[in-house]
There are 2 protein chains.
Amino acid sequence: MADLIIKGGIVLTMDGAVIDNASVVVDKGLIKYAGKVPKEKADKVIDAPGCAVMPGLINAHTHVPMTLFRGYADGLSYAEWIKKIQMVETKLTPSDVRAGAYLGVLEMIRSGTTTFVDMYIHEDEVARVVDETGIRAALGYGMIEGLNEDAETKLKSREKFVKKWNGAADGRITTMYAPHSTASCSKEFLIKVKELAARDNSRVHIHVLETEDELKTMKKRYGMCSINLLNSIGMLGPGLLAAHCIWLSDDDIDILKNKEVNVVHCPSSNMALGAGVSPVPKMLGKGINIALGTDGAASSGSLDMWKEMRYASLLHRLKDPAAMKSSKVLEMATKNGAQAMGINAGVLKQGYLADIIIVDIKKPQFASSDIVSSLVSGTTGYDVKTSIVNGKVLMEDRRVAIFNENKIIENAREAMIRITEKN
Amino acid sequence: MADLIIKGGIVLTMDGAVIDNASVVVDKGLIKYAGKVPKEKADKVIDAPGCAVMPGLINAHTHVPMTLFRGYADGLSYAEWIKKIQMVETKLTPSDVRAGAYLGVLEMIRSGTTTFVDMYIHEDEVARVVDETGIRAALGYGMIEGLNEDAETKLKSREKFVKKWNGAADGRITTMYAPHSTASCSKEFLIKVKELAARDNSRVHIHVLETEDELKTMKKRYGMCSINLLNSIGMLGPGLLAAHCIWLSDDDIDILKNKEVNVVHCPSSNMALGAGVSPVPKMLGKGINIALGTDGAASSGSLDMWKEMRYASLLHRLKDPAAMKSSKVLEMATKNGAQAMGINAGVLKQGYLADIIIVDIKKPQFASSDIVSSLVSGTTGYDVKTSIVNGKVLMEDRRVAIFNENKIIENAREAMIRITEKN
């Protein structure tokens, strides 16, 4: 007797197969079977005819509490935007971060994201929200050297964060070390981070070459770009998540490939802030693992990964319509994210984590010659009927039972108004 | 006693005002009042607290039956795409066009589009679908010179179309002459179209400089671009809808401005086909009226104008984050479209057409410091609760009562499979 069977849907395993009228069997938080209907019984059965059944989406780079600043600095360049945002960030209390994280997690669960990779301040609050809500996350307590505390105190507190939360919430929480960038953390500081990460067997999450300013600063300071600096101190490897990666040379791309670094592409944020266009098709051509992230809602406006997929698709097709296959974009939002995190997810396959979504495709925009293409071009978060994490149903038929949604929105609005007024 | 009152929402008049807890009163298909709650009674009352009440969206350039080809030629360049599409278009019967138009109109009503501007073949079928469904449209029976019939026969049949349908369906249908482009119709043919349009007091809808190929063809054939050719024959004016307008010189932009031509921007299609980036911020800066369109779903993948707004916003912010104010993008999708069509719509104001949508903003992505910004970045078609055209409720609380939705989708799928197989 398994825990759950999802029956009769079109199963996209993200492992090469699209199987009509198939089942996914879940037991003890893991996938037991995905394929043509097996002879299996379960405590709970979800009927999914007219639905796509697929791995939950993985938002591989975000700052979830920044939902509080959504719309606040709309229409500004990166330099102006970050200045305005950092000013309001100084006002944030742990309870604000909690309110913002709840709002963001609610939006993610409702739009089919089952896992996110976060980097922010007061990250213990984000961890508590993950614990309470049932979503999965890899959390990094952000570090900007010299901000608020000395380097030693900062590193100590981050060690404590990793120790406290890694593996918590039935394994749904993993942790990363999260130095903000090579421009905001010194080489010496980054070396210490690297050593801690190696000792704790922890991944590292960092912004890399998001802006041309960063590139200029690095060239001036070190005579080399961020990739080369990270390489020189041995920080590049399959345990690194490099967000953005816009201002890359061809040599940088080769280094990322050789070191098996994971890149996280954030098209909407990059477009909204005029940061630039990451050479994603070129990196995909080299076989670099590229995941997808919404970045914070303060720049992207939305945590809906379906929108992000379409932005990724359109942004690169602008230069080459054949650059981004829809199937590749869907992989970026699922299994590539899991690979970047180092977890067995993003694929519906025996033994993998039972993080699953059910998308209602009985709607006009899914009447199409190509299911994968129409999923990428036509789906929005609202088409996701059901979201399952670790085998547990967090949303069913659009009802998120465990939350008081109105209260979450109200708390966030209150924090938002207080923080952003008089700025 | 009015016909309808929508009470208690946040009313965006699109005429400069955002009014909290306000009402919109509708009578005899027109807006009677929009503002703070008046002492008025009505046959029907819709309560809209926690909702935005605003003009319905206007999709100012589409080929609605092309929903049948959604996903069919995904990931191809314009040149390869048009070849593949034209091949399947030869197979289309009037009944296929009807099936595709029904599918597209359903998608539009469900996503808050109350009016569309169309150009396609077998356009009488589209007109019938508009008549039957209650949506509003400006319809053009497309003309490619030399295709299927001689010029005289073609023009005669288009005159007949205009005569038959202009003002039909209680005025919900207006018509336009719709020569495909300056590359596919000769100068002489276009002059005839111009004369017919002048005689019939009809607008003209045409593709202009969508591709660099068109620019090259025109330079070679006439020694001038499409804008200059249209100018030389007196076709530029406030009655012209010029779709795309990508490959423009600064002089072309000045001409469009001086002649008061309406431009229709179609960002997702332009990105998907790698057609190029229309200089929209520059044209807006000159004061040119720019509306927004999804183009056909065969290139854009979706007829959701909310997505299109966000694409318009992000595409141009990539070069200049301050280029596209969210309020401007919302205007492009509403009142600018109405201006392009020459109808009194797109604004909630006394005497204007009662084409209204109600957007449910009691959702996490609308908890924001800026309602207009979060509408543009956060809304999807599924947030639209209620759509009203000509004072008549076509969708209420997401229920589209007058259609058999499953039947529409099934008919379209059947046509789709038959047409696209073995190509």
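Predicted model: local features only at pLDDT ≥ 70, side-chain atom pairs only at ≥ 80, totals over all residues.
Local features are given where pLDDT is at least 70 and side-chain atom pairs where pLDDT is 80 or more, while totals for chains, interfaces and linings use all residues; side-chain values use heavy atoms, with hydrogens and water left out. Residues are numbered from 1 along each chain as its sequence is written, and chains are lettered from A, and ligands numbered from 1, in the order in which they are written.

View 1. With copies superposed by least squares on the C-alpha atoms of residues with pLDDT of at least 70 in both, chain A can be laid on chain B with an RMSD of 0.0 Å, by a turn of 180° and a shift of 0.0 Å along the axis. The same surface serves both copies, since 100% of the contact residues of chain A recur in chain B, where contact means heavy atoms within 4.5 Å.

**View 2. The interface between chain A and chain B.** The size of an interface is often given as the accessible area lost when the parts come together. Here the area buried between chain A and chain B is about 4400 Å², of which carbon and sulfur atoms give 57%; buried area is the accessible area, taken with a 1.4 Å probe, that two parts lose on being put together, summed over both. Leu318(A), Pro364(A) and Tyr382(A) are the residues of chain A that lose the most area to chain B, together 16% of what that side buries. The contact takes 57 residues from chain A and 57 residues from chain B.

**View 3. The open sheet of chain A has eight strands.** Helices (H or I, at least four residues) and strands (E, at least two) are DSSP runs, numbered from the N terminus, and two strands pair if DSSP finds at least two bridges between them. The strands of this sheet follow the order β6-β7-β8-β9-β10-β11-β12-β13 in chain A, and their pairing is parallel. At the edges stand β6 (57-62) and β13 (290-292) of chain A, each with a single partner strand, so one side of each is left without a neighbour in the sheet. Neighbouring strands are turned by 25° against each other on average, direction ignored. Within the sheet, β8 (residues 136-143) of chain A pairs with β9 (residues 173-179) of chain A in the parallel sense over seven bridges, and Gly142(A) stands opposite Ala178(A) in β9(A). Helix α2 (residues 94-110) of chain A lies across β6 and β7 (113-120) of chain A, running at about 150° to β7(A), with axes fitted as lines to C-alpha atoms, for helices over the stretch in contact, and angles from 0 to 180 degrees between N-to-C directions.

**View 4. Strand β15 of chain A and its two antiparallel partners.** Five of the six residues of β15 (residues 384-389) of chain A are buried, so this strand is largely enclosed by the rest of the structure; buried means under 20% relative accessible area, exposed over 50%, and partly exposed in between, with a 1.4 Å probe and protein chains only. Four bridges join β15(A) to the antiparallel strand β14 (residues 356-360) of chain A, and Val384(A) in β15(A) is the bridge partner of Val359(A). Strand β16 (residues 392-395) of chain A pairs with β15(A) in the antiparallel sense over three bridges, with Ser387(A) opposite Met395(A) in β16(A). The hairpin of β15(A) and β16(A) has two residues between the strands, and Asn390(A) takes a positive phi near 55° there.

**View 5. Helix α3 of chain B and what it packs against.** In α3 (residues 123-133) of chain B, the buried residues are Glu123(B), Glu125(B), Val126(B), Ala127(B), Val129(B), Val130(B) and Thr133(B). These buried residues pack against several elements of chain B, including α2 (94-110), α4 (151-165) and β16 (392-395). After α3(B) comes Gly134(B), whose phi is positive, near 95°.
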